[in-house]
Amino acid sequence: MVDPLKIPQHIAIIMDGNGRWAKQRGLPRIAGHREGAESLRAVLRACIELGVKYLTVYAFSTENWRRPKAEVDFLLDLFALTIDRETDELIDNQIKVNYLGDLSKFPKELQAKMAGAMERTKKGTRITFNIMVNYGGRAELVESVNQIIGARDKGQGAKVTEEEIQEHLYTRGMPDPDLLIRTASELRVSNFLLWQIAYSEIYVTDLCWPDFRKEALCEAVAAYQRRLRKFGQTEEQVSAA
Ligand code: IPE
Ligand code: IPE
Ligand code: MG
């Protein structure tokens, strides 16, 4: 089903539907988040088996602060708990983890845990695992442009280039996602990786995130492999290349 010669190098995922998964079972929303963490473990391991080199997941958006405080607190506790529980295993499996987003809004203790996990896993070479937290695509672009103009001398007239913007994103130095997966049916981007997904293949599934495991990932990759990526060219040009 999956062609081992056409594995996407970078997969990005909008992990959605935890709340709906729980509701369908008469459980509180937080039960969905807890089960969603299990999906993430399974999908990360499946990505390594397939040979994916970058996995980028949307764990908390700049807009998610608008949720009830109890749910936000639960999510932040879940991030901390997962770091405590799983960092050793990430190191053993040579996984490099990055927490990307505006981390300054998180409690100091959580910031320290995130920094510790990044430091301890920084030598990992099998896969780069980006967890986007307090992340917003618009905020990332604004920050990128501000860094560029902040580093310039006053009155310097040169125009900002695409390369410069790219070099100041959280994902600097990484290839753009080949495949963007969104679970739980929604046909929107919700402020995720606005710049980086310019040419990503988009795959939306009805499965809620807690139900999305290895088999579902392989199905998404197989669907991706049936697509023709044209990058603006004609079908004939792409087939000839
Ligand atoms: C995704 O699931 C997890 C986060 C956004 C943190 P949701 O919590 O958005 O689940 P639904 O969309 O309400 O079902
Ligand atoms: C996007 O999901 C954010 C994450 C998956 C972390 P949301 O559930 O917050 O998105 P909307 O509100 O349905 O667009
Ligand atoms: Mg949602």
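This is a predicted model: local features need pLDDT of at least 70, side-chain atom pairs count only at pLDDT 80 or more; totals for chains, interfaces and linings use all residues.

Helices (H or I, at least four residues) and strands (E, at least two) are DSSP runs, numbered from the N terminus. Residues are numbered from 1 along each chain as its sequence is written, and side-chain values use heavy atoms, with hydrogens and water left out.

**The sheet**

Select the strands. Two strands pair if DSSP finds at least two bridges between them. The 6 strands form an open sheet in the order 3-4-2-1-5-6, with parallel pairing. At the edges, pairing on one side only, are strand 3 (95–100) and strand 6 (201–204). From one strand to the next the twist averages 20°; angles run from 0 to 180 degrees between N-to-C directions, and axes are lines fitted to C-alpha atoms, for helices over the stretch in contact.

Ile 181 has Tyr 203 of strand 6 as its bridge partner.

Now select residues 127–135, strand 4, which pairs with strand 3 in the parallel sense over 6 bridges. Tyr 99 has Ile 131 in strand 4 as its bridge partner.

Next, show helix 3 (residues 69–92): the helix packs on the sheet and touches strand 2, strand 3 and strand 4, where contact means heavy atoms within 4.5 Å. The direction of helix 3 makes about 155° with that of strand 2.

**Ile 131**

Is Ile 131 buried or exposed? Ile 131 counts as buried because its relative accessibility is 8%; buried means under 20% relative accessible area, exposed over 50%, partly exposed in between (1.4 Å probe, protein chains only). Not counting residues up to four places away in sequence, Ile 131 touches Val 57, Ala 59, Val 97, Asn 98, Tyr 99 and Leu 100. Ile 131 and Asn 98 are 33 residues apart along the chain, and their C-alpha atoms are separated by 6.0 Å.

**The pocket lining**

Finish by selecting helix 3 again, which supplies 12 residues, the largest share of the lining of the largest pocket. Helix 1 (18–24), helix 2, strand 2, strand 3 and strand 4 are among the elements that each supply at least two lining residues.

Conventions: Chains are lettered from A and ligands numbered from 1 in the order in which they are written.
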